[in-house]
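Subject: Structure handover

Hello,

Here is the structure you asked for. My notes on it follow below.

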Amino acid sequence: MSTATVTEEREPTTVAEREKPLGGRFVGWASNYIDERTSLSGFVKELGRKIFPDHWSFMLGEIALWSFVVVLLSGTFLTFFFQASMVPTLYTGSFAPMRGVEMSAALDSTLRLSFDIRGGLLVRQIHHWAALTFVAGIGVHMLRVFFTGAFRKPRELNWVIGYILFILALAEGFTGYSLPDDLLSGNGLRIIDGMVKGLPVIGTWTSFLLFGGEFPGNQIVGRLYTLHILLLPAILVALLLLHLMLMVINKHTQFAGPARTNENVVGYPMMPVYMSKMGGFFFITFGVIVLIASLFTINPIWNYGPYDPSPVSAGTQPDWYIGFADGALRLVPPHWEFVFLDRTWSFNIIVPVLVLGLFLVLVLIYPFIEAWITGDKREHHIAQRPRNAATRTAIGAAGVVFYAVLWAAAASDLIATHFSLTMEGVIHSLQALLFLGPIIAYFVTKRICIALQKKDREIALHGYESGRIVRLPGGEYIEVHQPVDEYERWKLVGHETNEPLVVRPNAKGRIGFWQNTRAALSRWFFEDRLTPLTNTELEAAVAHQHQELEHIAHEEDDEIRASHERAGFPDAPLEPIDDGRHSETAVHPTHLIAHEPEPGTAPKKNREKESGQ
Amino acid sequence: MAHEVGAHEGDRSYVPSPGLAVAVQDPVQVPELPPHRLRVTDKDPKRMNGAARGVYTLFYLSLAGSIWAIAAYMLFPIEDGRIDSIRSNNLFIGLGIALALLAIGVGAIHWSKAIMSDKEFVEYRHPTRGRDSTRAAAVQAFSDANEESGFGRRTMIRGSLFAALIASILPGIVLFRGLAPHNVPGTEAATAGDPVALLSHTMWKKGMRLAHDPSGEPIKASDVTLGSAVHVIPEDLAKLGHEDGYLEQKAKAIVLLMRLRPEQLVPETNKLEWSYNGIVAYSKVCTHVGCPVALYEQQTHHLLCPCHQSQFDVANGAAVIFGPAARPLPQLPIAVDDEGYLIAQHDFNEPVGPSFWERH
């Protein structure tokens with residue numbers, strides 16, 4: 001890359017090295033050529049050795065990113081063959097069962113690119129599977145960010161951008177799903193049409209404009225195609241770049257660990273470690289998607305046939321990410337529709353749309369709600385362990401359950417048939433669960449979090465249960481608690497404790513409504529917290545642990561010595577009992593563990609290079 | 001946790017507020033980085049060479065996968081009408097590409113984990129907000145620009161600019177009216193631009209025969225056996241081509257014909273004069289969001305919509321008995337013509353399908 005940067009940092013030792021630029025003469029010349037025209041060396045200097053922290057959960061967003069790249073690549077290939085037209089044609093391609101069937105050019109070209117183009121079906125399946133992993137990747141990435149509090153200042157805006165990306169991904173998924181104009185996706189569009197028509201004031205005309213007249217019309221595929229391959233991807237790519245830029249500007253969050261503070265980043269450099277890891281992960285993501293696409297059929301439109309308003313098969317499900325919306329429609333009780341002021345108010349549509357809208361908006365603005373409740377204006381770069389933010393984790397669990405119930409509702413008919421239940425029983429249970437589930441999840445999660453906090457504190461102060469039972473001279477049995485090492489201990493105690501906001505009168509000496517509300521919410525958010533630990537307390541506890549261990553060891557020695565005496569060998573060597581604890585504990589993300597070699601025999605080559613940094 | 005923001009950034013006067021974190025007088029101290037531990041590859045040159053061998057073997061394996069994928073493209077062509085040839089084509093090209101990609105990925109990650117230095121570095125963060133001097137300069141830039149342009153002072157210019165900018169978007173929005181057709185007075189398409197008129201009528205009219213879907217064969221009343229359900233379209237629909245609105249008409253006109261014992265039809269909730277000898281015809285378009293209500297349960301005479309599980313009781317005027325739908329399915333009044341074929345008495349009395357705002 002940049003000769004200038006690298007040679008600055010490395011002392012040229014030999015004449016040959018000084019004369020020959022890094023990577024050879026051509027690379028040196030090319031780097032110089034580009035740098036003299038773009039100042040690229042500055043960019044490489046800034047980002048080339050930028051440090052990223054390491055944690056498996058930081059990979060989840062990458063799944064989404066790389067799936068999206070796969071979607072773009074495979075989608076571009078598909079556009080060369082797909083015809084976004086609803087002109088009726090007679091299918092004459094190589095799939096015999098559909099020959100002679102009248103269908104739109106969209107379905108005809110989809111069948112042709114699947115069955116007449118070598119590898120076409122593969123690319124179509126790659127595109128569909130990658131779209132599914134794209135949305136799924138965003139989902140788990142969002143959950144990671146939410147539960148670790150990584151959306152806190154200064155990353156609130158990036159949460160919002162990422163959230164919009166999620167919505168765009170849903171829109172991309174749905175528009176793409178509808179393009180082949182097959183029976184299943186046509187029914188999906190029919191549902192959208194019905195939903196849109198049910199909206200007050202704008203519904204009828206929105207549907208009329210969307211479909212270019214009456215449903216299904218002959219316009220919708222072309223219009224969705226423009227959205228799917230032009231408008232939505234353009235916005236998506238722009239926001240994605242912004243999302244990544246902000247990630248670089250804010251630097252990545254890291255979990256609490258040795259030497260890791262709110263003011264630094266500890267990890268490996270972009271070049272070469274992350275370039276290799278991230279690049280490699282792109283190929284793994286791509287490879288796994290291709291593997292799935294070559295082994296598992298997805299969306300067999302050739303079985304469904306062209307769209308016709310009359311037939312439909314039982315057990316029709318949308319792609320997974322639309323499920324929660326479909327489920328919301330299913331959970332509405334009968335007869336929620338009224339004629340009022342000579343107009344039809346379809347509350348069986350309006351209510352689920354409003355509920356979903358409210359849910360989505362709440363998730364969108366959650367960072368701002370939490371910031372207001374906590375009054376926290378500091379920057380946060382340490383990702384929290386979910387247990388240490390018990391209330392947030394409980395809220396998140398409630399949200400997950402709410403979503404999961406809606407999602408399960410989208411499969412209500414399959415649940416009923418597979419488990420031999422009544423349709424009514426399934427729906428009524430899910431209706432009850434939609435309200436009770438989140439409440440139960442909230443309280444259970446909160447209690448579990450606090451219990452885990454107490455357990456962490458217990459381990460930090462009193463050590464972990466070693467599983468070693470010792471009988472004391474008095475006949476008493478105890479289990480030996482071993483102290484954790486200081487690095488593990490820091491992970492357990494290295495988090496801050498917050499206090500609820502205190503209500504303070506304003507300049508007029510009054511406490512306003514919002515002030516009270518905020519204080520009440522803050523109390524609710526931070527109640528049930530452990531008191532923070534001081535260094536003195538911790539050190540005293542650790543000292544006590546060591547003292548205890550020494551005491552036990554001493555007693556054991558006495559015991560052994562006494563038994564030697566009883567056996568008539570008072571001078572037998574005193575071999576300490578192996579307590580099963582070795583000094584080597586995994587505190588480092590290295591996965592290959594080896595014993596230190598004898599001094600002087602260790603190969604020096606690699607370590608020397610490193611110490612030169 | 002102790003925050004020492006600004007310790008290494010002397011010229012940044014901004015210190016974040018302490019918030020509500022409990023300030024501990026003597027907080028637990030962050031331990032230093034643990035001593036770096038060597039990996040086997042760092043200590044044993046043989047293992048290092050082995051790891052390197054593993055990496056380039058994987059890369060060569062990837063090469064083999066790519067070559068295999070190209071070979072599979074040629075070795076497994078799609079033979080006309082042979083579904084198994086499509087399967088082989090998909091499978092073997094896919095496996096080759098998957099191998100090519102996975103081997104690169106695994107190789108690269110193995111390289112980074114076993115061979116590349118695993119020394120951790122510490123990099124300092126800077127407060128996200130700009131330095132005070134930078135912020136002051138930015139404010140100065142705006143205020144100079146404001147001063148020189150009079151943007152803040154000349155309210156008429158500013159106000160009119162905003163008005164003009166907003167108004168300039170409107171024609172673009174108006175153009176989108178063209179997404180849906182306009183009325184064409186005096187022609188057949190007189191109501192083409194009126195969604196409410198279009199939604200309010202179907203192609204059923206007096207005397208039109210009920211026909212099988214999709215063949216268009218008219219249905220004789222005597223052929224409808226007790227307990228059967230027949231998928232019905234208007235006889236004239238089969239004559240329409242796809243260009244003439246076949247799907248649009250069909251989406252409204254589909255009907256489900258069922259024959260029950262006449263005494264099963266509850267007189268209070270049924271228009272018996274719209275049925276014939278226990279044969280009733282109801283719109284097949286769900287009143288919820290418009291899926292075809294295609295599942296008929298003969299024993300209970302319930303209709304079930306497969307999309308959102310709304311259930312309608314045919315014996316009871318297709319009233320909603322479960323699910324999110326609100327209204328009964330509209331009934332098509334039927335009779336029998338001289339030749340014994342089922343015909344419609346007239347169009348539906350109400351719009352079929354999902355509710356819409358102007359419906360009443």
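How many bridges join S1(A) to strand S5 of chain A? There are 2, and the two strands run antiparallel. S5(A) covers residues 264–269. In this pairing A:Ile51 stands opposite A:Pro269. Strands (E, at least two residues) and helices (H or I, at least four) are DSSP runs numbered from the N terminus, and two strands pair if DSSP finds at least two bridges between them.

Some ground rules. This is a predicted model, in which local features need pLDDT of at least 70 and side-chain atom pairs count only at pLDDT 80 or more, while totals for chains, interfaces and linings use all residues. Residues are numbered from 1 along each chain as its sequence is written, and chains are lettered from A and ligands numbered from 1 in the order in which they are written.

S5(A) also pairs with S1(B), antiparallel, over 4 bridges; there A:Gly267 stands opposite B:Phe121.

On the interface: 123 residues of chain A are in contact with 108 of chain B (C-beta atoms, placed from the backbone, within 7 Å). H12(A) gives the most to chain A's side, with 15 residues.

Regards

Methods
Two residues are in contact if their C-beta atoms, placed from the backbone, lie within 7 Å.
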